[in-house]
Amino acid sequence: MTTRFRLHRKGDAVYLTSPLLDEAGAKHFFATRKGGVSKGVFGGWNFASGVGKTTDTEENVLENYRRAAELFGLSLSDICRSYQAHTAKCITVDDTHRGVGTTKPKFDFGVDGLVSKTKDLLLSVRTADCVPILLFDPQKQVCAAIHAGWRGTVGNIVAAGVQDMTSQGCEPGEILAAIGPCIGACCYQVGGEVYQAFSRLGDFSSCFTPDAEAGKYLLDLTSANRLLLLRTGLTEDHIDEARVCTQCHGEYFFSHRRMGAERGTMSAFITV
Ligand SMILES: [Zn+2]
């Protein structure tokens with residue numbers, strides 16, 4: 001597997017970090033499926049109980065989270081989990097949200113992006129082909145974790161995240177972004193309706209390649225989110241990309257396209 005991000009191994013845990021975020025001192029990583037205690041289709045570092053016929057135990061999922069938190073020197077009750085529903089909604093979270101989705105109940109509404117300036121509050125968004133995006137402002141010490149599938153991307157959830165950070169005093173020109181492992185343009189076939197949905201946002205034709213199959217396209221979600229981040233005022237050199245396909249690399253990543261509903265889910269984490 002090749003990626004522009006750094007691959008780390010600690011014990012049996014394998015995770016990626018963005019060189020750009022590392023150099024700015026951002027405490028973050030993108031977990032791979034290597035590590036953790038889950039078995040079978042959830043093997044091994046799985047962060048959701050699953051949506052298929054087989055489910056992982058809550059005990060395993062929480063242990064996997066505990067191990068992730070430990071790598072930050074934090075505990076399960078410091079984590080705040082999004083409640084993903086392919087929305088373009090972001091909210092700002094604080095001390096009152098410690099443990100949401102781990103030691104406290106989940107959010108009771110769909111929220112696919114979290115913004116925080118609360119020290120040691122560990123944000124988690126989960127993906128298995130969709131795009132995990134982490135944002136960090138080193139000046140203001142504000143961070144965000146965003147889940148963007150094609151619906152979230154076309155809903156411009158990254159702009160909602162940047163907007164929330166701006167309301168916390170950030171300047172878009174200071175914000176750094178890391179676009180994590182997701183399904184690549186090598187594999188992500190979509191229909192004409194997705195192309196049409198993006199065309200309403202402007203010219204996204206550079207993100208689509210006509211596929212050999214008539215009426216189908218290959219969509220580059222990383223490039224689409226990069227374009228949207230640039231539009232919000234981030235600069236070219238403030239956007240880092242993992243550029244590794246989750247469908248192509250089953251050893252490292254869960255993939256909805258490859259595995260269907262019977263699969264685990266990765267998580268990306270960031271804190272200030
Ligand atoms: Zn691929």
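A charge sits over a ring if NZ of Lys or CZ of Arg is within 6 Å of the ring centre and within 35 degrees of the ring normal. The exercises below use a predicted model.

**Exercise 1. Which ring does lysine 34 lie over, and at what distance from the ring centre?**

Solution. Start from lysine 34. The ring below it belongs to tyrosine 252. Lysine 34 lies over the face of that ring, 5.1 Å from its centre. The cut-off for the distance is 6 Å.

**Exercise 2. Work out the geometry of the zinc site from its donors and angles.**

Solution. Step one: list the protein donors. They are the SG atoms of Cys186, Cys187, Cys245 and Cys248, lying 2.3 Å from the zinc ion.

Step three: check the angles. The 4 donor atoms give angles of 103 to 116°. Four donors count as tetrahedral if all angles lie between 85 and 135 degrees. The zinc site is therefore tetrahedral.

**Exercise 3. Classify cysteine 245 and cysteine 248: buried or partly exposed?**

Solution. Buried means under 20% relative accessible area, and exposed means over 50%. Cysteine 245 has 7% relative accessibility, so it is buried. Cysteine 248 has a relative accessible area of 44%, so it is partly exposed.

**Exercise 4. Describe the open sheet: what is its strand order, and what is its pairing?**

Solution. Begin with the order. The 6 strands run E1-E2-E3-E15-E7-E4, and the pairing is mixed. Next, find the edges. Strand E1 (6-10) and strand E4 (79-81) each pair on one side only. The twist from one strand to the next averages 30°.

Strand E7 (residues 122-127) and strand E15 (residues 266-271) run antiparallel and are joined by 5 bridges. Valine 125 has alanine 268 of E15 as its bridge partner.

**Exercise 5. Classify the ring pair of tryptophan 45 and phenylalanine 47.**

Solution. A search of the whole structure gives 17 aromatic pairs. In this pair the ring centres are 5.6 Å apart and the planes stand at 45°, so the pair is tilted. Both tryptophan 45 and phenylalanine 47 are buried.

**Exercise 6. How far apart are threonine 17 and phenylalanine 29, in sequence and in space?**

Solution. Locate threonine 17 in strand E2 (residues 13-17). Its relative accessibility is 4%, so threonine 17 counts as buried. Phenylalanine 29 is 12 residues away in sequence. In space, the C-alpha to C-alpha distance is 4.9 Å.

Note on methods:
Residues are numbered from 1 along each chain as its sequence is written. This is a predicted model: local features need pLDDT of at least 70, side-chain atom pairs count only at pLDDT 80 or more; totals for chains, interfaces and linings use all residues. Side-chain values use heavy atoms; hydrogens and water are left out. Two strands pair if DSSP finds at least two bridges between them. Helices (H or I, at least four residues) and strands (E, at least two) are DSSP runs, numbered from the N terminus. Axes are lines fitted to C-alpha atoms, for helices over the stretch in contact, and angles run from 0 to 180 degrees between N-to-C directions. Donors are N, O and S atoms within 2.8 Å of the metal (3.2 Å for Na, K and Ca); water is not among the atoms, so sites may look incomplete. Four donors count as tetrahedral if all angles lie between 85 and 135 degrees; four count as square planar and six as octahedral if opposite donors are over 155 degrees apart and all others between 65 and 115; anything else is irregular. Buried means under 20% relative accessible area, exposed over 50%, partly exposed in between (1.4 Å probe, protein chains only). Rings of Phe, Tyr and Trp (its six-membered ring) pair if their centres lie within 6.5 Å; planes under 30 degrees apart count as stacked, over 60 as edge-to-face and the rest as tilted.
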